[in-house]
Amino acid sequence: MIGGISGIGSLQFKPALDGADAGVSPAQGGAASIGGSSFADLLNQAASPTLGTLQNAQQGSMQALKGDADTRQVVDAVMSAQQALQTAVAIRDKVVSAYLEISRMGI
Amino acid sequence: MEPVTLFDLAAKQSQWLAVRQSTIAGNIANANTPGYVANDVESFDKVLDRTAVSMRTTEAGHLGGNTVNAGFRIKPQENDGVVMPSKNTVVLENELMKAGEVRRSFELNTAIVKAFHSMMMMAVKG
Amino acid sequence: MDALTAALKVAASGMGVQSERLRVVSENLANAQSTGTAPGSDPYRRKTISFVSRLDQATGGSLVEVNSIARDPADFPVEFQPGNEAADEKGYVKMPNVNVLIEMADMTEANRSYEANLQVIKQARDLISMTIDLMRNQS
């Protein structure tokens, strides 16, 4: 289940990001040189903790269901996972719509 | 069936908690019945260990969702020395404490299921 | 019938028997001074109630029922009341074998058990409600 969620969340970024990167790199070149990393890398950094957070939450919840886990820790882990997932989904949606918009632009 | 996903485990625990609740109800209702011995359901860890080994059904009706007490074993509690002259072993305070534990675990269970369900829906939507 | 509904049924049976017990206690208390009418006759004899547990085959729950309402076989205490219509030739009247303090203690116990059963019903009802709530509020 976590694999399914994370697949949508982080891994599917890759094609969209590469496509967007090719389209916007001239404009982003300035920002990239300031940041020291490409736009794609920035987005990846924002999205990659998602998988770890989600697995952490799943582990914690399974422990809690078996009866021996600290309630507060489990709740914190699940809330972090929800935040991370919401962020990842928002980023995914924005990136997809940006890609579609770019692909509609006249060359 | 061995619980593999989070939702399976949550479903199993929720069944176990419901059986524990009905056992506690039986103890409290029979708190004044002469000769009644207080029962408790086997621990959840034992249940998980048991279901990890695959079971074969030798008789139809032994396993499955419609069995009495969902297949969990109920045995008399260990007696910590409190026995009434009427041979009744129910201690009301302990039963109420156990009921509180059941409630807390059940709330955690439904909250976890709700949270992960909403996460799945969130990821799938749009 | 699932386990939570079985818990409701069991707790309801518990409340039922505790109410019966309270009824018996109140009868005893009300008749604590009820002597006989003819000289030397017996007064009110204290009632006792006993429970028995019954295993419900369908749900596996241990219901509880009233086994019997019997009479306390203890001897009647006698008091010296020559003017009483039930007094024998020496002026002694047989009084009911009801001890008010024991009945009050029994009443407190019955209340406590009743409350505990009520707690179980509330909790079982809340757990069922929580389960149904899982489906609700799906945005």
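# Terms put to the test

Visitor: How many residues of chain B are in contact with chain C?

Guide: 29 residues of chain B are in contact with 34 residues of chain C. Contact means that heavy atoms lie within 4.5 Å. This is a predicted model, in which local features need pLDDT of at least 70 and side-chain atom pairs count only at pLDDT 80 or more, while totals for chains, interfaces and linings use all residues. Residues are numbered from 1 along each chain as its sequence is written, chains are lettered from A and ligands numbered from 1 in the order in which they are written, and side-chain values use heavy atoms, without hydrogens and water.

Visitor: What makes the pair B:Glu93 and C:Arg112 a salt bridge?

Guide: A salt bridge needs a side-chain nitrogen of Lys or Arg within 4 Å of a carboxyl oxygen of Asp or Glu. The side chains of B:Glu93 and C:Arg112 meet at 2.7 Å, N to O, so the pair passes the rule. The bridge crosses between chains, from helix H3 of chain B to helix H2 of chain C. Helices are DSSP runs (H or I, at least four residues), as are strands (E, at least two), and both are numbered from the N terminus. Between chain B and chain C the count is two salt bridges. C:Asp126 and B:Arg103 also meet in a salt bridge, at 3.1 Å.

Visitor: Why is B:Lys98 called buried?

Guide: Buried means under 20% relative accessible area, exposed means over 50%, and partly exposed is in between (1.4 Å probe, protein chains only). B:Lys98 has 9% relative accessibility, so it counts as buried. B:Asp40, at 13%, is buried too. B:Glu93, at 43%, counts as partly exposed.

Visitor: What ties B:Lys98 to B:Asp40?

Guide: Their side chains meet in a salt bridge of 3.7 Å, N to O. B:Lys98 lies in helix H3 and B:Asp40 in strand E1 (residues 39-41) of chain B, so the pair ties together parts that are 58 residues apart in sequence. Both residues belong to a network of salt bridges that also links B:Arg20, B:Glu95 and B:Glu101.

Visitor: How do you know that B:Glu107 and B:Arg103 are separated by about one helical turn?

Guide: The two are four residues apart in helix H3 of chain B, which means a separation of about one helical turn.

Visitor: What makes a nonpolar core, and which residues of the largest one touch the most other members?

Guide: A nonpolar core is a set of buried Ala, Val, Leu, Ile, Met, Phe, Trp, Tyr and Cys residues joined through side-chain atoms within 4.5 Å. The largest has 59 residues, and A:Leu85, B:Trp16, B:Ile112 and B:Phe116 touch the most other members. Helix H3 of chain B gives the most to this core, with twelve residues. In soluble globular proteins, nonpolar side chains tend to be buried together.

Visitor: How much area do chain B and chain A bury between them?

Guide: They bury about 1,900 Å², 75% of it on carbon and sulfur atoms. Buried area is the accessible area (1.4 Å probe) that two parts lose on being put together, summed over both. B:Phe116, B:Met119 and B:Met122 supply 29% of the area that chain B buries against chain A, more than any other three residues. Across this interface of chain B and chain A, the rule finds zero salt bridges.
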